[in-house]
Amino acid sequence: MEEVCEGKDFSFPSQEEHILSFWSKIDAFNVQLARTRNFPEYIFYDGPPFATGLPHYGHILTGTIKDIVTRYQSMTGHHVTRRFGWDCHGLPVENEIDRKLGIKRRDQILEMGIDKYNEECRSIVTRYVEEWETIITRTGRWIDFKNDYKTMDLKFMETVWWVFARLCQKGLVERGFKVMPYSTGCKTPLSNFEAGENYKLVSDPEIMVSFPIVGDLDNAALVARTTTPWTLPSNLALCVNANFVYVKVRNKYSGNIYVVAESRVSELPTEKPKSNAASGPTGDTKKSKIKGSSGEKTKDSAAESYEVLDKFSGASLVGTKYEPLFNYFLEFSEAAFRVIADNYVTDDSGTGIVHCAPAFGEDDYRVCTENQIINKGENLIVAVDDDGCFTGKISTLMGSMLRMRIRILLKHLRFVRVELLKEQLLENNKQTYWVPEYVKDKRFHNWLENARDWAISRSRFWGTPIPVWISEDGEERIVMDSVGTLERLSGVKVFDLHRHNIDHITVPSTRGPEFGVLRRINDVFDCWFESGSMPYAYIHYPFENVELFEKNFPGHFVAEGLDQTRGWFYTLMVLSTALFEKPAFRNLICNGLVLAEDGKKMSKRLKNYPSPMEVINDYGADALRLYLVNSPVVRAETLRFKKDGVFGVVKDVFLPWYNAYRFLVQNAKRLEYEGSTPFVPIALNVLQKSSNVLDQWTNSATQSLVHFVRQEMDAYQLYTVVPYLVKFLDNLTNIYVRFNRKRLKGRIGEDNSRMALSTLYDVLLTSCKVMAPFTPFFTEVLYQNMRKVCDGAEESIHFCSFPQEEGKRGERIEESVARMMKIIDLARNIRERHNRPLKTPLREMIVVHPNEDFLDDIAGKLREYVLEELNIRSLVPCKDTLKYASLRAEPDFSVLGKRLGKSMGFVAKELKAMSQEDILDFEKAGEVTIATHCLKLTDIKLVREFKHPDGMTDKEMDAAGDGDVLVILDLRHDGSLFEAGVAREVVNRIQKLRKKAGLEPTDMVEVYFESLDEDRSAIQQVLNSQKHDLGIDMECVGLSVVHSNLPIWAVVVRLGETEREEKGKIYGLWVKFGEIQMPVIGDDRWQAQWATTGF
């Protein structure tokens, strides 16, 4: 292996650039595909984005999720085709062209020519393809851009035709009327999920309108409220709820008489008293518009303004005729302008009476057809044109503009009859696996449960034309299912399926020449119909790849954002259910939204987020990938993106990982420098038989890592992997490397060193393979150096198989080491509490725990590591948990609260009353029953409180526990311990100097010191008394000799005698390395200058 630089000098971004060049040189992605081509297929569907803008963090997030899963599947023995896709049709493209060309009206496109308009659209759909490829590739994602699919390709569009034709054959397409969201700006109907995009709250005028009742003796009027007053000219009915109570009320001041729901009288406006107001009606209420109150209205004041004349049920109002507000639709008078009833009318707003304009509301249309106001399918006049203006039917308002988005009744639309499929859709949803599961079971399930027929017609230009040819008399219709069918029936060669290339193509009538020809209808498909056809269209099924599709459908995996529950996920499910009675996919990961750090939507205008390339250039793509995957956004929650969070990944994950790797390389090279044979890792079967406890532990922990990551990846739970990896790396560096330094550095023999180094090598190599799907760059960097000492290694880590569990995991040793680290943390807490730094030795530590196996481990094979790490002379195990502690039980309210409900109080009281013996019995048995409730160890907190031995104070002996283990430290002073502490400090200062000088572990140095104590023999006495221990430590830091006589080039500069500290303090140390001499500064209040020769 080649030497590597320090972590502070390692540039993650530049190393990633080198790896990109390496992958390109060896054609890594295509080689991987070729090597796995005979493996079982793993089918991944890549949802197509629009290429009219640059990728943002949302795209990088979903791309990272897709890349991790597909890399993992490739490494676990699958062939994974990964083709990038592009959504090329639809309103996003047309809107951009309309803005570019200043198009405001539909007729402007027709004047320009559909051919020119469509070619303008075609020219921009691939505008940013090159930038997308650059950015996506830089993030480390392996996907095929050269063999991509586009929804505007002939083959893709032909499959869309086939899908539609199959639906028609199954009777799942109908032509009819429906009230739909309509964009007057785009001049086209919108699906419900399209209408929800860019949804904004806007202010609408709210008015109450009175409708005089025909023949009423009191001249009463029905009052309805509306927030869409522009629909009033099209009013055909008023709707009440048959179950509500309605009242006839008279205004005490104006005398006007109204009919409203009893519970809504308070919503009527108040009116000013009139001095000459009569007790009865004073004016004609015909066509009266009640616009509000002349004063401040309250519910009490409104109710006080009216007196009740009569009460009756809503059912009694049904059939009541009223005078129309306008005379535009008098031809409907015989059936219209009467009261009908339906339960959709509520009493939580309005007046309890709803104005119905069937051309502009779904419920309006439904109740009017159900009550024969109009006939279903009837050519009801829509008094608004494509541009959102009143037509000549509304003569007094003709040409007046309404809104950009309205709901209107559209005729001759094509619908997929989703409502017929509802039960099958719900059943198919149960067959899929989602992460997180609640999105499937709640959000998506509810959307399917309320699914309505899907209008797939769009009166636009740039899209896949609906392949329906109709005769002039409407009696003959042909649905084209392929290009071949169109060519055969028309006799025209077809090269492209867009409108301007096929609208002119006619088909002769099968009834004879006298019936003329069939022409294609003008509509194109909703672009969501195209993307929902993707599983079939991207491989041109059924015209090609029949076996590939039919053997592997449903696909194995999809991943997109939460918004796609009403978009792509929905259309995939609808079309696959309609075509094959199956779901389109088996597994799905749904991510949330990435927001700016301030919680707002990321905005180029506000500049409230760093660009993705800025973050990648600063910290690397791997750090960005891990940051995103280790966040709530992978659980369909929101993420407030913080650049500092990406830096945190570098600091907490990559630098410790790199330092462990660098330590391996340094000590492997040491073997060469010392004249030994070069490092070659020992075989795994030999390593697994190591007698060293930390070797056993880290081998087991590595197998646990493999088991965990496989388990979580198979469950598509990516977000659990990174925290586990962080803990694994922390243990590797702070347990295995830290506690094993003597072995790794060869101070306990070369054979022992090679065993330890080989174990560390195997752990790092295995962890790199495990993490390769997550961090493809960094793992490749480490692998390329590590493979140099391993014959037959793969050329790239991404050609390797994912590690399998090999051998049994040692659960006991893993648990014991975990407890050992708890013991160390607890002991450190006691030291900090009493201001006893680690350099100060302590005489004894007592470990209290009921488990004999653990005590055997901690007092046996783990003992030396605990004592050395904590600088303690003796360790005493104690099984008697009551010798040094009292025990009490407390309920875990967070666990038991909901479960026990009202019984919680009684159970808590009983738990707190448990005796010491009862608690010990419970701890041994693992469960206890209280008031019929069976409680486990996870339900109860066992608290151990320290009891001082007789005659001891907390300054002499103190303890700390975590509910599992109790640690007790003897804190009493001892002279010999003080000298050991001074010796330890000598080594500590020398180590700091070596690091400052940039020395390698193999660099030997000479050390000089001068005592500044009044009794200059004190330090020499310490060194003599601690010679044995100090000698080992000196070897650790690479010292050949310690000199007490300063050389002439070493100078101590004093700041003042009064600054002197207690005896035994070392104020100046010098280290000589070749011709370089540097001081170790013993205290900030003393300075040392270093003189050099030849430096």
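**Entry 1: a salt bridge across the chain**

I started with Glu544, which is partly exposed, with a relative accessible area of 32%. The model is predicted, and I keep that in mind throughout. I looked for a charged partner and found Lys155, which forms a salt bridge with Glu544. The closest N and O atoms are 3.1 Å apart. Lys155 sits in helix α8, while Glu544 is in the loop between α17 (534-537) and α18 (546-552). I noted that the two are 389 residues apart, so the pair links distant parts of the chain. Lys155 is also partly exposed, at a relative accessible area of 46%.

**Entry 2: Glu158**

I stayed in helix α8, which covers residues 154-169 and also holds Glu158. Which side chain of opposite charge is nearest to Glu158? I found Lys155, 7.9 Å away. A salt bridge needs the atoms within 4 Å. Glu158 is buried yet has no salt bridge. I then checked for polar contacts and found one of 2.7 Å between the side chains of Glu158 and His540. Beyond its neighbours within four places in sequence, Glu158 touches residues including Asp481, Leu497 and Phe543.

I looked up Asp853 next. Asp853 forms a salt bridge with Arg812, with the closest N and O atoms 3.6 Å apart. Asp853 is in helix α30 (residues 852-859), and Arg812 is in helix α29 (residues 811-833). They are 41 residues apart. Asp853 counts as partly exposed at 38% relative accessibility, and Arg812 is partly exposed at 42%.

Then I took Glu852. Glu852 pairs with Lys879 in a salt bridge, where the closest N and O atoms are 2.6 Å apart. Lys879 lies in the loop between β28 (872-878) and β29 (885-891), and Glu852 lies in helix α30, so the pair ties together parts 27 residues apart in sequence. Both ends are partly exposed: Lys879 at 46% and Glu852 at 47%. I also noted a network in which salt bridges with shared partners join Asp46, Lys66, Arg141 and Glu560. The count of salt bridges comes to 61.

**Entry 3: Arg452**

Arg452 lies in the loop between α13 (437-449) and β16 (454-455). Is Arg452 buried or partly exposed? I read 35% relative accessibility, so Arg452 counts as partly exposed. Its side chain makes a polar contact of 3.0 Å with the side chain of Glu362. I also compared C-alpha atoms: those of Arg452 and Glu419 are 5.4 Å apart, though the residues are 33 apart along the chain.

**Entry 4: the inside**

I asked how many residues the largest nonpolar core has, and found 132. Phe641, Trp657, Met820 and Met845 touch the most other members. Helix α22 (residues 643-673) gives the largest share of this core, 14 residues. Another core lies apart from it, with 69 residues, among them Trp161 and Ile478. I followed Met845 and found contacts that include Ile823, Val866, Leu870 and Val967.

Why is helix α21 (residues 621-629) largely enclosed by the rest of the structure? I counted buried residues: 9 of the 9 are buried, so the helix is largely enclosed. Asp622 and Arg625 are among them, along with Leu624 and Tyr627.

**Entry 5: the whole chain**

The protein chain has 37 helices and 40 strands. Buried residues make up 54% of its 1095 residues. Its accessible surface is about 48,900 Å², and 48% of that belongs to carbon and sulfur atoms. Among contacts between residues at least 6 apart in sequence, 76% join residues at least 24 apart.

Note on methods: Residues are numbered from 1 along each chain as its sequence is written. This is a predicted model: local features need pLDDT of at least 70, side-chain atom pairs count only at pLDDT 80 or more; totals for chains, interfaces and linings use all residues. Side-chain values use heavy atoms; hydrogens and water are left out. Helices (H or I, at least four residues) and strands (E, at least two) are DSSP runs, numbered from the N terminus. Buried means under 20% relative accessible area, exposed over 50%, partly exposed in between (1.4 Å probe, protein chains only). Lys and Arg count as positive and Asp and Glu as negative; His and the chain ends are not counted. A polar contact is a pair of N or O atoms within 3.5 Å; within protein, one must be able to donate a hydrogen and the other to accept it, and residues adjacent in sequence count only if both atoms are side-chain atoms. Contact means heavy atoms within 4.5 Å. A nonpolar core is a set of buried Ala, Val, Leu, Ile, Met, Phe, Trp, Tyr and Cys residues joined through side-chain atoms within 4.5 Å. Accessible areas come from the Shrake-Rupley method with a 1.4 Å probe; for residues, only the protein chains shown count as cover.
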